[in-house]
Amino acid sequence: MATPNEGITSVNVKAGGLTPEGYQLIADGVGWEPRTTGQARDLIINARHVVTAWDKGTLAGMARASGTGAHYAHLSDIAVLPHLHGRGFGSAILRHLLRLVDREVRNDATVTLHATPGTEPFYERFGFNPSATPFLMTRSRQE
Ligand SMILES: CC(C)(COP(=O)(O)OP(=O)(O)OC[C@H]1O[C@@H](n2cnc3c(N)ncnc32)[C@H](O)[C@@H]1OP(=O)(O)O)[C@@H](O)C(=O)NCCC(=O)NCCS
């Protein structure tokens, strides 16, 4: 499935690279409920995939995916530091994460995320659709 800004090259995104302190920095930056270092470490260790974005060598954003690698994947903790919003970091992170997910899950797998209210249009650009459960968005790979 095609995703927006396929050709963008200026944003540096990679698999991995997230530390508990980095997680806390991004989560604090976007105003999420604080996590202890141990909690942040668990979220990273238990993720199937972690993606980070970098701005001139400094952590700019993150995202995680959990799941079986076959029948479902759930994306979470998708966030970019506020002063960098609107510069393509979020799209680059999500695109990279979806590449990692799409290459391993079955064609009939369900890919889900819980959208923060107001962010649905951002995810719709990547093929996610609202579900009957409020703010749960699903992405079919067969459309
Ligand atoms: C949602 C988020 C990750 C997007 O990151 P970003 O780096 O600003 O996204 P991009 O710069 O790649 O934006 C891509 C496009 O989506 C649009 N977009 C970004 N956030 C949007 C939102 N909340 N609502 C609608 N459109 C949005 C941008 O305007 C841009 O459109 P354009 O290409 O026409 O200019 C970022 O706003 C964020 O970290 N928010 C706080 C944390 C959060 O709510 N995360 C979601 C958890 S489910």
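The legends below describe close-up views of a predicted model. Local features need pLDDT of at least 70 and side-chain atom pairs count only at pLDDT 80 or more, whereas totals for chains, interfaces and linings use all residues. Residues are numbered from 1 along each chain as its sequence is written.

**View 1. The shell around the ligand.** Surrounding the ligand are 18 residues, of which the closest are His85, Phe89, Gly90, Ser91 and Thr116 (a residue is near a molecule if its C-beta atom, placed from the backbone, lies within 6 Å of it). Strand E4 (72–80), helix H3 (89–102) and helix H4 (120–124) each supply at least two residues of this shell, helices (H or I, at least four residues) and strands (E, at least two) being DSSP runs numbered from the N terminus.

View 2. H3 is largely enclosed by the rest of the structure, because 10 of its 14 residues are buried (20 or more other C-beta atoms within 10 Å of the residue's own, all placed from the backbone). Among these buried residues are Phe89, Gly90, Ser91 and Ile93, and what covers the buried residues of H3 includes strand E1 (12–15), strand E5 (110–114) and H4.

**View 3. The largest nonpolar core.** Of the 33 residues in this core, Ala53, Ala63, Ile93 and Leu97 touch the most other members (a nonpolar core is a set of buried Ala, Val, Leu, Ile, Met, Phe, Trp, Tyr and Cys residues joined through C-beta atoms within 7 Å). H3 gives the most to this core, with seven residues.

How values were computed:
A residue is buried if 20 or more other C-beta atoms lie within 10 Å of its own, exposed if 12 or fewer, and partly exposed in between; C-beta atoms are placed from the backbone. Two residues are in contact if their C-beta atoms, placed from the backbone, lie within 7 Å.
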